[in-house]
Amino acid sequence: MRNNTLLTFLSRRTSTTTTHNPNLRWRFFCSPPSSSSTGPNNKLFVGGLSWSMDEKSLKDAFSSFGEVTEVKIVYDRDSGRSRGFGFVNFTKEDDAQVARDAMDGKALLGRPLRVTYALERVRGGHVVVPRLSDSGDANS
């Protein structure tokens, strides 16, 4: 019972705070890439992968959009099972953009893919990530 009361309090507190102060709609996760490292973004994050997807199949699915330099599917350390996401690197930024636009939402092995640009992996700092409001609009 007490746990439910705490959750109710926190949800009310969060909803009233974010509606009165739009700056609180942002969450901090890890630091943004420094201005010196903001170059072309050739790396795509691919989520929603089927458990049976392997790196060769993923490379085959994306290589029609340009030269793929590296494919990495992330696996669970303990079970060895795919965690359902991976990364695809392209030689050219334009090829990555075309692949992202074409493959985002498309079904591969029966599962819709979520394809976005991969964020730079940085330790210790914060990245500002927009938090979606109830209406689904991150800018409001």
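D95 touches F65, G66, E67 and F90, leaving aside residues up to four places away in sequence; contact here means heavy atoms within 4.5 Å. D95 sits in helix α3. D95 is buried but has no salt bridge. Buried means under 20% relative accessible area, exposed over 50%, and partly exposed in between, with a 1.4 Å probe and protein chains only. A salt bridge is a side-chain nitrogen of Lys or Arg within 4 Å of a carboxyl oxygen of Asp or Glu. For D95, the nearest side chain of opposite charge is K92, 5.1 Å away. Lys and Arg count as positive, Asp and Glu as negative, while His and the chain ends are not counted.

This is a predicted model, in which local features need pLDDT of at least 70, side-chain atom pairs count only at pLDDT 80 or more, and totals for chains, interfaces and linings use all residues. Residues are numbered from 1 along each chain as its sequence is written, and side-chain values use heavy atoms, with hydrogens and water left out.

Now the whole chain. It holds three helices and eight strands. Helices (H or I, at least four residues) and strands (E, at least two) are DSSP runs, numbered from the N terminus. Their order from the N terminus is α-β-β-α-β-β-α-β-β-β-β. Of the 140 residues, 26% are buried. Among contacts with a separation of 6 or more, 64% join residues 24 or more positions apart.

Return to helix α3, residues 93–103. Its buried residues are D95, A96, A99 and M103. Seen down the axis of α3, they fall within an arc of 100°, so they line one face of the helix. The arc is that of the directions from the helix axis to the C-beta atoms. These buried residues pack against β2 (43–47), α2 (55–62), β4 (82–90) and β7 (114–117). After α3 comes G105, with a positive phi near 90°.

Helix α2 has its own buried residues: L58, A61 and F62. They cover an arc of only 90° around the axis, which puts them on the same side of α2. Their cover includes β2, β3 (68–75), β4, α3, β5 (107–108) and β7. An α-helix has 3.6 residues a turn, so residues three or four places apart point the same way.

Next come the salt bridges. The structure holds two. One joins the side chains of K56 and D60, at 3.0 Å from N to O. K56 and D60 are four residues apart in helix α2, about one helical turn. K56 is exposed, at 57% relative accessible area. D60 is partly exposed, at 45%. R100 and D101 form a salt bridge too, their closest N and O atoms 2.9 Å apart. R100 is partly exposed at 23%, and D101 is partly exposed at 48%.

Two further residues complete the tour. V68 is in strand β3. At 8% relative accessibility, V68 counts as buried. V68 and F90 are 22 residues apart in sequence, yet 4.5 Å apart in space, C-alpha to C-alpha. Leaving out residues up to four places away in sequence, V68 touches K59, F62, S63, V88, N89 and F90.

N42 lies in the loop between β1 (26–28) and β2. A polar atom of the N42 side chain is 3.3 Å from the backbone oxygen of T91. Beyond four places in sequence, N42 touches V88, N89, F90, T91, K92, E93 and A96.

Methods
Polar contact = N/O pair within 3.5 Å; in protein donor to acceptor, adjacent residues only side chain to side chain.
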